[in-house]
Amino acid sequence: MADSLEGDAHQLYGIRPNMVWVVNKEGRIVHKSSWLVAQQLEMVLDSLLQAEQRAREQRRPRWVYSENWTELGINPQVHERVLDRAGTKARHEVSQAFGQ
């Protein structure tokens, strides 16, 4: 799914600046993250490919729920440079989302 230029999905699903939602072909939300973590996203997408293979083999799926917290290091200089480039609206949304 791609967001509109006005950020409709961004506003609907949460104001985090780098949120990730993965929805499978049946419309089920299979992953959501308040920040893009590439390794997690790769694992989720691999899991979806495996699920498609099991479906082709007519194997019954079992859905499970998992949740985790991940700490990410932030380089303050890079963070400020990105916010300067992104503009006032992005800086405001980061402040709203993270209280900074």
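The following paragraphs describe the overall form of a predicted single-chain model and a few of its side-chain contacts.

Residues are numbered from 1 along each chain as its sequence is written.

The chain contains four helices and two strands, which follow one another from the N terminus in the order α-β-β-α-α-α; helices (H or I, at least four residues) and strands (E, at least two) are DSSP runs, numbered from the N terminus. Along the principal axes, the C-alpha atoms fill a box of roughly 50 × 30 × 20 Å. Of the 100 residues, 16% are buried, where buried means under 20% relative accessible area, exposed over 50%, and partly exposed in between (1.4 Å probe, protein chains only). Among contacts (heavy atoms within 4.5 Å) between residues at least 6 apart in sequence, 31% join residues at least 24 apart.

A search of the whole structure returned one aromatic pair. The ring centres of W35 and F98 lie 6.0 Å apart and the planes meet at 65°, so the pair is classed as edge-to-face; under the definition applied, rings of Phe, Tyr and Trp (its six-membered ring) pair if their centres lie within 6.5 Å, with planes under 30 degrees apart counted as stacked, over 60 as edge-to-face and the rest as tilted. Since W35 is placed in the loop between β2 (29–33) and α2 (38–56), and F98 in helix α4 (residues 88–98), the pair ties together parts that are 63 residues apart in sequence. W35 is partly exposed, at a relative accessible area of 32%, and F98 is likewise partly exposed, at 33%.

A further ring is approached by a charge: the charged end of R28 sits over the ring of W63, 4.4 Å from its centre, the criterion being NZ of Lys or CZ of Arg within 6 Å of the ring centre and within 35 degrees of the ring normal.

R59, in the loop between α2 and α3 (76–86), is partly exposed at 48% relative accessibility.

Definitions and conventions. Predicted model: local features only at pLDDT ≥ 70, side-chain atom pairs only at ≥ 80, totals over all residues. Heavy atoms only, no water.
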